[in-house]
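Please look at how the inside of this protein is packed.

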Amino acid sequence: MSKRVLFQGDSITDAGRCREDFFSTGYGYAHLASASLTADHPGEYECLNRGVGGDLLADLYHRLEPDFLALKPDYASIFIGTNDAWAELDQGRPIETEAFEAMYIDMLERIYTACPGIKLMLFGPAIMEGKFSQNTDQQPDRLNQFRLHVRSRIDVVRRVAEKYHLPFVDVQEIYDAACARAEASCWTGDGAHPTPAGHELLKRAWLEAFETIR
């Protein structure tokens, strides 16, 4: 019997998946990683994508039952937090770091209770230069402010990963290294959503992390 692998997160994970197709993985890193995993290990894994564009951590938390717990995955990756930083920066909907961390921990406790034996890996949020993060007359230091908000969430996800002894993928570190090789526009169209090359970077990171828990 194949083991079930779940990709969970926001629009970066969603990547245009078809809601009417139970097995649709979209066009992004989840699709690329699923293709590689199932080609290398035919019949061993079943991959599902339940990322939802626009989600904050609270949104993921509130759809945990149908889109996570009910699916009973053997493995899952969680990639969330960039929208939380954006909401705090632009929409006046701040969630304090302590509350973000408490919700993240409570979410993992619910997952472990409902899915004993599950193996998880956590991805930190990230941002690059682009229209979502570019400086404006109203926010002349917008990119740096966005990075600060993202960094606070990265630190939370890292601490949570350490608390539960889980693999942590520092996506910001991956993006920063990529931007040292080529302009941000090579990796993202808007500062948040990856280009095909950006999704390839995430796919490689996902597969590398998965090997540590497989």
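Beyond its neighbours within four places in sequence, phenylalanine 68 is in contact with Leu6, Gln8, Arg63, Pro73, Ala76, Ile78, Ile111, Ile118 and Leu120. The model is a predicted one.

Phe68 also belongs to the largest nonpolar core, which has 34 residues. Phe68, Ile78, Tyr104, Met107, Leu108, Ile111 and Leu122 are the residues that touch the most other members of this core. Which elements supply at least two residues of this core? They are the helices α3 (57–62), α6 (97–114) and α7 (142–163), together with the strands β3 (75–79) and β4 (119–123). The largest share comes from α7, with seven residues. Another core, of 28 residues, lies apart from this one, and Tyr29, Phe79, Met128 and Trp187 are among its members.

The next topic is the aromatic rings. A search of the whole structure gives twelve aromatic pairs. One aromatic cluster is formed by Phe7, Tyr29, Tyr45, Tyr75, Phe79, Phe123, Trp206 and Phe210.

Two rings have an arginine over the face. Arginine 50 lies over phenylalanine 22, at 4.7 Å from the ring centre. Over the face of tyrosine 61 lies arginine 110, at 5.2 Å from the ring centre.

The largest cavity holds about 30 Å³ of space. Its lining consists of Asp10, Ser11, Ile12, Thr82, Asn83, Ala192 and His193. Two helices, α1 (11–14) and α5 (82–90), each give two or more residues to that lining.

Key: Residues are numbered from 1 along each chain as its sequence is written. This is a predicted model: local features need pLDDT of at least 70, side-chain atom pairs count only at pLDDT 80 or more; totals for chains, interfaces and linings use all residues. Side-chain values use heavy atoms; hydrogens and water are left out. Rings of Phe, Tyr and Trp (its six-membered ring) pair if their centres lie within 6.5 Å; planes under 30 degrees apart count as stacked, over 60 as edge-to-face and the rest as tilted. A charge sits over a ring if NZ of Lys or CZ of Arg is within 6 Å of the ring centre and within 35 degrees of the ring normal. A nonpolar core is a set of buried Ala, Val, Leu, Ile, Met, Phe, Trp, Tyr and Cys residues joined through side-chain atoms within 4.5 Å. Buried means under 20% relative accessible area, exposed over 50%, partly exposed in between (1.4 Å probe, protein chains only). Helices (H or I, at least four residues) and strands (E, at least two) are DSSP runs, numbered from the N terminus. Contact means heavy atoms within 4.5 Å. On a 1 Å grid over the protein atoms alone, a cavity is a set of points where a 1.4 Å probe fits but cannot get out, and a pocket is an open set with protein on both sides within 12 Å along at least five of seven lines; lining residues have an atom within 4 Å of a point. Grid points are joined across faces, edges and corners, and a volume is the space filled by probe spheres set on the points.
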